[in-house]
Amino acid sequence: MFEFLSNDCSWTCGLSAFVVLWVLVWFYRDNLEISKVSEKHVFVTGCDSGFGHLLCKRLDKRGFRVLAGCLTEKGADDLKRATGPFLKTCILDVTSTASIQKAVEWTKNEVGDKGLWGLVNNAGRALPMGPSEWMKIEDFEGTLKVNMFGVIEVTMNFFPLVKKARGRVVNVASVLGRVAANGGGYCISKFAVESFSDCLRRDIQNFGVNVCIIEPGFFKTQVTSLEPIERELHRLWDQLTPEVKESYGDKYLDKYINIQRLIMNTICDSDLSKVTNCMEHALLAAHPRTRYSAGWDAKLLWIPLSYMPACFVDIALKLVMPKPAKSA
């Protein structure tokens with residue numbers, strides 16, 4: 001019996017030692033950084049505000065040669081005033097093939113023979129979001145053009161430059177690319193970003209290019225601003241037929257808006273650096289991670305929820321959302 005206990009203790013100690021060693025090796029590798037940052041160019045989309053704006057300022061301080069794609073002249077001017085002389089901007093509309101190709105040619109002239117170390121697909125839009133039945137096809141299209149086709153087209157056009165530098169593609173997805181919590185094009189597009197990133201990573205793994213996925217939780221940005229969310233919900237409601245409105249009931253819209261307010265005010269984090277820290281690590285680390293979850297709600301709520309059975313998620317969302325007047 002003592003021999004059995006001794007063997008059992010040896011196995012436990014051996015396994016514990018292995019786990020501790022694995023954690024220490026992972027932590028060491030995770031903290032290794034690349035060298036010669038000042039010689040590396042990074043192109044970031046969607047830099048007018050939010051994550052992209054903050055990331056550009058932080059990369060500029062790190063010494064990267066930052067190339068910022070802004071949708072508006074005002075966004076570009078605001079960013080240039082907040083950064084050093086090495087950051088450069090261009091106007092980029094990710095829904096326009098001509099605009100993307102123009103940005104690629106501009107980038108080629110900037111990077112020369114070095115290639116592009118990092119491409120950060122940050123540009124995105126969220127609205128309209130709401131019940132799927134309330135949407136028209138153009139409501140889906142507007143979001144998909146930016147979040148899905150925009151990411152794909154930008155990546156495919158810039159990829160030869162990234163491949164030349166054996167660099168990084170960093171795609172901003174979302175926790176709603178793990179759990180489809182509402183209707184509209186946003187969740188669909190973010191699921192697509194996850195899939196596209198996985199496919200790309202596996203296709204190019206022999207070329208020394210890393211593909212990283214950022215999965216932010218809910219943060220206080222223009223995407224989660226309540227005023228445009230509520231304005232879009234009213235627009236969607238107003239375009240419904242009388243029959244559909246009757247099926248939901250007169251009070252459904254107000255209840256839906258109140259729940260949106262509760263969720264955004266409770267969950268949204270104001271510290272955007274939690275997301276940009278992940279982006280920086282993906283660009284600076286010698287061994288970047290495949291996925292980064294940013295925010296307490298991502299780690300403690302959405303990511304765990306994504307591994308639950310579908311029926312569990314369905315019940316949880318059903319308990320949160322209002323019930324239509326004529327539901328079964």
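Which helix gives the most to the lining of the second largest pocket? Helix H12, residues 310-320, with 3 residues. Helices here are DSSP runs of H or I of at least four residues, strands are E runs of at least two, and both are numbered from the N terminus.

A word on the model. It is predicted, so local features need pLDDT of at least 70 and side-chain atom pairs 80 or more, while totals for chains, interfaces and linings use all residues. Residues count from 1 along each chain as its sequence is written, and side-chain values use heavy atoms, without hydrogens and water.

Back to the pocket. A pocket is an open set of points on a 1 Å grid over the protein atoms alone, where a 1.4 Å probe fits, with protein on both sides within 12 Å along at least five of seven lines; lining residues have an atom within 4 Å of a point. The volume is about 250 Å³, meaning the space filled by probe spheres set on the points, which are joined across faces, edges and corners. The lining includes Tyr 256, Asp 314 and Lys 318.

Now the sheet. 7 strands form an open, parallel sheet, in the order E3-E2-E1-E4-E6-E8-E9. Strands pair if DSSP finds at least two bridges between them. E3 (88-91) and E9 (291-294) each have a single partner strand, so one side of each lacks a neighbour in the sheet.

Look inside the sheet. Val 42 of the model stands opposite Gly 118 in E4.
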